[in-house]
Amino acid sequence: MKDLVSIIDVKDHVGEEIKIGAWVADKSGKGKLQFLQLRDGTAYFQAVVFKPNMIEKFGEEAGVEKFTEIKHLAQETSVIVTGVVKEDSRSKFGYELDVTDLEVVGGSVDYPITPKEHGTDFLMDNRHLWLRSRKQHAIMLVRNEIICATYEFYNANGFVKIDSPILTGSAPEGTTELFETDYFGHPAFLSQTGQLYAEAGAMAFGKVFTFGPTFRAEKSKTRRHLTEFWMIEPEMAFTTHEESLDIQEAYVKHLIKSVLENQRHALETLERDIDLLEKYVNEPFKRVTYDDAIELLQKEEANNDYDHIEWGDDFGSPHETFVSNYYGVPTFIINYPKAIKAFYMKPHPTREDVVICADLIAPEGYGEIIGGSERATDYDYLVEKVKEFGLSEEEYSWYLDLRKFGSVPHSGFGLGLERVVTFITGNQHIREAIPFPRMLGRIRP
Ligand code: 4AD
Ligand code: MG
């Protein structure tokens, strides 16, 4: 509706009478005053209704009737409010609306999410409504900012976005977490990663990235795992792993910086520690080998309560939390044992037991946000690996082709969008980082 002003833009209309299309998020008042908390998706702000103003405008009877109607507006009623924009230094938002008229658009009866506390299951069952609340709204604005900043970063650095398929025949990240479906009489899987297709793209376009939903049949409930999550997967030809780490660091810093610059209000709503985010932008990320991380964990285990860990073991989240908190900045753990990593990773040139790879671990307990590696380039080595991992040579023949026709050193990585949203917003659980989460036992709404 053309004549409506968005709440985010009211600063340009101080002193003017404007119309706003909004929902009543909350309401309070006493005597001759009613305070409406309005939200229109762009922001929240307060509209003030003064009974004598209504009477002056509409006459005694109609004015009282209008005021009474406003006084009884239910939560989430949609309204078109007319009023004069005032600066208001007492409110965080800085502006307020002096209401001159209000028209109800759509009523609302017994809105389930009241300002009182609700349990998580209840809120999740009402996710389609919960998205309207302040905190969820702020998280989604941060998510949107990260998505925009991703395109901005890769555009500025000469990457081409390519779209990888969702229905695939391959299982690059292991065969235990697959969603299988029927594809005209043949088994197909929902994609775990776009990487193999990104590698084909890198051989065609040099630097590419995929950005799409990926699926893992995670059978345990944790605060870091979704069964459907979005992943950004850059892949770069003629690029060493060292160079890839530099790009990963620049990219994550760009994401944090963009949120700090463009969504500071959302971070404040979420009570995120902004000094810490600024520190992550300004200080170099730490790079530590898997070997050194294991040594550190063993040395410090007496003073901490994570489980004992041996060389060769994968880190549990308490181990990751300890290591990244020890350094106090996002930390790359480099060159993991071959036995616990994917088949496509490049073997170390002088060591049999590790591959050239890294995970980026966020501090404050947010865990792994990126997994990446240099890719194996040798045809025979990869054929061996495909066999060893119990994968079908026929299914992977197109991938193996990439090593037959001008194989080059190349590296890439995958950043989990919801992990990064959780980290930057400082939220405790990944389920709030995506509009409609899919987890064990949850596929509705
Ligand atoms: O470490 P992962 O499994 O790596 C890959 O899939 C590679 N193919 C990426 C690449 O090199 N192109 O997953 C990458 C990232 C993790 O670091 C994590 O941030 C996220 O994806 N992730 C999940 N996020 C939410 N829920 C899950 N179940 C996730 N599994 C991985
Ligand atoms: Mg990983």
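**Exercise 1. Determine which residues Ala25 is in contact with, leaving aside its neighbours within four places in sequence.**

Solution. Two residues are in contact if their C-beta atoms, placed from the backbone, lie within 7 Å. Under this criterion, and with neighbours within four places in sequence set aside, Ala25 is in contact with Gln37, Leu38, Arg39 and Tyr44. The model is a predicted one, in which local features need pLDDT of at least 70 and side-chain atom pairs count only at pLDDT 80 or more, while totals for chains, interfaces and linings use all residues. Residues are numbered from 1 along each chain as its sequence is written, and chains are lettered from A and ligands numbered from 1 in the order in which they are written.

Next, locate the residue: Ala25 lies in strand E1. Helices (H or I, at least four residues) and strands (E, at least two) are DSSP runs, numbered from the N terminus. Then consider burial. A residue is buried if 20 or more other C-beta atoms lie within 10 Å of its own, exposed if 12 or fewer, and partly exposed in between, with C-beta atoms placed from the backbone. Ala25 has 20 other C-beta atoms within 10 Å and is therefore buried. Finally, Ala25 and Phe122, 97 residues apart in sequence, are 19 Å apart in space from C-alpha to C-alpha.

**Exercise 2. Identify the strands joined to E1 and the sense in which they run.**

Solution. Two strands pair if DSSP finds at least two bridges between them. Strand E1 (residues 17-30) is joined to strand E4 (residues 78-87) by seven bridges, and the two run antiparallel. In this pairing, Gly21 stands opposite Ile80 in E4. E1 is also joined by seven bridges to strand E2 (residues 33-39), again antiparallel; here Trp23 stands opposite Arg39 in E2. The hairpin of E1 and E2 has two residues between the strands, and Gly31 takes a positive phi near 60° there.

**Exercise 3. State the strand order of the eight-stranded open sheet and explain why one side of each edge strand is without a neighbour.**

Solution. The order is E6-E10-E11-E16-E15-E14-E13-E12, with mixed pairing. Strand E6 (160-161) and strand E12 (286-289) stand at the edges; each has a single partner strand, so one side of each has no neighbour in the sheet. E6 pairs with strand E10 (residues 207-215) in the parallel sense over two bridges. Within that pair, Lys161 stands opposite Phe209 in E10.

**Exercise 4. Describe the shell around ligand 1.**

Solution. A residue is near a molecule if its C-beta atom, placed from the backbone, lies within 6 Å of it. Ligand 1 is surrounded by 22 residues, of which Thr193, Gln195, Gly371, Gly414 and Gly416 are the closest. Two or more shell residues come from each of strand E11 (228-237), strand E15 (367-374), strand E16 (410-416) and helix H14 (417-425). E15 gives the largest share, six residues.

To classify the shell, count Ala, Val, Leu, Ile, Met, Phe, Trp, Tyr, Cys and Pro as nonpolar, Asp, Glu, Lys and Arg as charged, and the others, Gly among them, as polar. The shell then divides into six nonpolar, nine polar and seven charged residues.

**Exercise 5. Is Tyr396 buried or exposed?**

Solution. The place of Tyr396 is in the loop between helix H12 (379-388) and helix H13 (397-401). With 22 other C-beta atoms within 10 Å, Tyr396 is buried. Beyond its neighbours within four places in sequence, Tyr396 is in contact with Ser170, Val386 and Leu391.
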